[in-house]
Amino acid sequence: MTDQQLQQLVETISADSFQRPFHHRAYFNRRLQTTGGRYHLKSHNIDINPKMAQDRAVLTGVIKHELVHYHLHQMGQSGKHNTPAFKQLLKAVGGSRYAPRMDQQCRYLYQCEHCGQQYPRQRRLNVQRYVCSQCRHRLKLVNPAVAK
């Protein structure tokens with residue numbers, strides 16, 4: 001997806017979900033690593049993490065989240081995450097509260113020997129030290145590290 005296609009998608013979502021136009025720029029920012037998107041208060045532009053474009057539903061949720069910031073700010077209200085107006089509008093339009101981790105691959109998969117609860121992890125765990133959070137039984141390593 002290109003920046004022009006993203007711009008079109010943001011304008012369409014803004015018109016359909018918020019019944020308000022989006023008059024600023026939306027573009028992909030490859031430097032975003034841990035966040036799905038960012039709304040800039042001064043320029044009113046929206047950056048989107050290109051990893052979010054892998055899944056259309058995730059991308060739509062992230063765009064709606066950033067548009068909630070945008071439209072609340074345009075109406076003169078606070079666009080902070082903890083305000084009731086933000087939470088209410090986000091729920092009304094069906095936006096994502098948090099961005100999922102799209103590029104994370106689990107290198108180690110641990111499983112409880114008793115209840116079967118799975119724990120994907122990036123780093124090794126000391127199975128002598130850690131137990132299952134559900135039933136407090138022992139964990140076992142299901143798959144070893146995958147060579148990168």
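Reader: What makes the arrangement S5-S4-S6 an open sheet, and in which sense do its strands pair?

Author: In this predicted model, 3 strands lie in the order S5-S4-S6 and form an open sheet with antiparallel pairing. Strand S5 (118-121) and strand S6 (139-143) stand at the edges with a single partner strand each, so one side of each has no neighbour in the sheet. Direction ignored, neighbouring strands of this sheet are turned by 30 degrees against each other on average.

Reader: How do you know that strand S4 and S6 pair?

Author: Two strands pair if at least two bridges are found between them, and strand S4 (residues 108-112) and S6 are joined over 4 bridges in the antiparallel sense, so they count as paired. As for a bridge partner in S6, Tyr-110 has Leu-141.

Reader: Why are Tyr-39 and Tyr-70 called an aromatic pair, and what is the angle between their planes?

Author: The structure holds 2 aromatic pairs. For Tyr-39 and Tyr-70 the distance is 5.9 Å centre to centre, and ring centres within 6.5 Å count as a pair, so the name applies. Their planes stand at 85 degrees, and because planes over 60 degrees apart count as edge-to-face, this pair is edge-to-face.

Reader: What makes this a link between distant parts of the chain?

Author: Tyr-39 belongs to strand S2 (residues 37-39) and Tyr-70 to helix H2 (residues 56-74), and the two are 31 residues apart. Both Tyr-39 and Tyr-70 are buried.

Reader: Which residues do the ring pairs link into a cluster?

Author: Phe-22, Tyr-39 and Tyr-70 are linked into a cluster by ring pairs.

Technical notes:
Residues are numbered from 1 along each chain as its sequence is written. This is a predicted model: local features need pLDDT of at least 70, side-chain atom pairs count only at pLDDT 80 or more; totals for chains, interfaces and linings use all residues. Side-chain values use heavy atoms; hydrogens and water are left out. Rings of Phe, Tyr and Trp (its six-membered ring) pair if their centres lie within 6.5 Å; planes under 30 degrees apart count as stacked, over 60 as edge-to-face and the rest as tilted. Buried means under 20% relative accessible area, exposed over 50%, partly exposed in between (1.4 Å probe, protein chains only). Axes are lines fitted to C-alpha atoms, for helices over the stretch in contact, and angles run from 0 to 180 degrees between N-to-C directions.
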